[in-house]
Amino acid sequence: MARGLALGWGRPVLCTDVVVERATALAEEVGGEALPSGAEVARRADLVILCHKPHQLQTVATELAPHAKAVVSILAATPLNDVKAAYPDRPVYRILPSTPVEVRQGAVILAADDGQDAELDAALRAMLEELGTLVVLDDAMVDTAMGLMSNAPAYYALVVEAQVDAGVRHGLTADQASRLVVQTMAGTAELLRRQGYDTLAARRAVTSPGGSTARGLDALERAGVRAAFSDALNAILKP
């Protein structure tokens, strides 16, 4: 995810990683510098983005907190208050991005909070908006929202795969079916955005009474497509 953010922003970065080669590769790819420690990153950066494992919060904070001027966390299942407790007395933010931020088509969640530094707040929001669609939520709802969008690229890839397989069974090549399905998905997403996310209108526009779309939708409903996505979110949020 750190690499995806860096590619999306397209700016030189200061970075570090327990796998030195990974940090070096990222610095070479987007510009910037791979540094030997998190403490060195924190000393030199205006804003530190935490992309480590959630259970490492306290361990990493021990190294970074004495030096970090402002902190952004992308740690899953780690409430904003926990990050603030680890990094007191400075601006602290919680965001969760989806993988398409790499191509500036991602969804980004920002946990709502009282203004900390007006100039920094505005600058961070502008940076996040560069990556796609920014949605500000109460921190208590962030994990639910993450379950909808952070895991969803894998779901959509599975849906594409299933449609491509169906097309191949009926005579299309995998390349032909993939190009048709992926473009239709991308175009529908843009259409929904322009229509104010009115899914019902989008469905009715291509569904004539007794037609092929109506029959296909009926088959999907009978197969339990809605229940499947509901069950997936329940599985993610299950303690």
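**Notes on the sheet and the helices around it**

1. Ala111 has Leu137 as its bridge partner in β7. Helices (H or I, at least four residues) and strands (E, at least two) are DSSP runs, numbered from the N terminus. Two strands pair if DSSP finds at least two bridges between them. β6 and β7 run parallel and are joined by six bridges.

2. A word on the model. It is predicted, so to read it: local features need pLDDT of at least 70, side-chain atom pairs count only at pLDDT 80 or more, and totals for chains, interfaces and linings use all residues. Residues are numbered from 1 along each chain as its sequence is written, and side-chain values use heavy atoms, with hydrogens and water left out.

3. Now the whole sheet. Five strands form an open sheet, in the order β3-β4-β5-β6-β7, and the pairing is mixed. β3 (48–50) and β7 (132–137) are the edge strands, each pairing on one side only. From one strand to the next, the twist averages 25°. Strands of a sheet pair through backbone hydrogen bonds, either parallel or antiparallel.

4. Which strands does β5 pair with? β4 (residues 71–73) and β5 (residues 92–97) run parallel, joined by three bridges. Val71 stands opposite Val92 in β5. β5 and β6 also share three bridges, but in the antiparallel sense. There, Ile95 has Leu110 of β6 as its bridge partner.

5. Is β5 buried or exposed? Six of the six residues of β5 are buried, so the strand is largely enclosed by the rest of the structure. Buried means under 20% relative accessible area, exposed over 50%, and partly exposed in between (1.4 Å probe, protein chains only). Both faces are covered: Val92, Arg94 and Leu96 are buried on one side, and Tyr93, Ile95 and Pro97 on the other. In a regular strand the side chains alternate between the two faces of the sheet.

6. Helix α6 (residues 118–129) lies across β4, β5, β6 (106–111) and β7, and runs at about 135° to β7. Contact means heavy atoms within 4.5 Å. Axes are lines fitted to C-alpha atoms, for helices over the stretch in contact, and angles run from 0 to 180 degrees between N-to-C directions.

7. Helix α1 (residues 2–9) buries Gly4, Leu5, Ala6, Gly8 and Trp9. Their cover includes β1 (13–15), α2 (20–30), β3, β5 and α6. Gly10 follows α1 and has a positive phi, near 65°.

8. Which residues of α2 are buried? They are Ala23, Leu26, Ala27 and Val30. These cover an arc of only 100° around the axis, which puts them on the same side of α2. The arc is that of the directions from the helix axis to the C-beta atoms. Exposed Val20, Glu21 and Glu28 sit on the face turned away from the buried side. α1, β1 and β2 (32–34) are among the elements covering the buried residues of α2.
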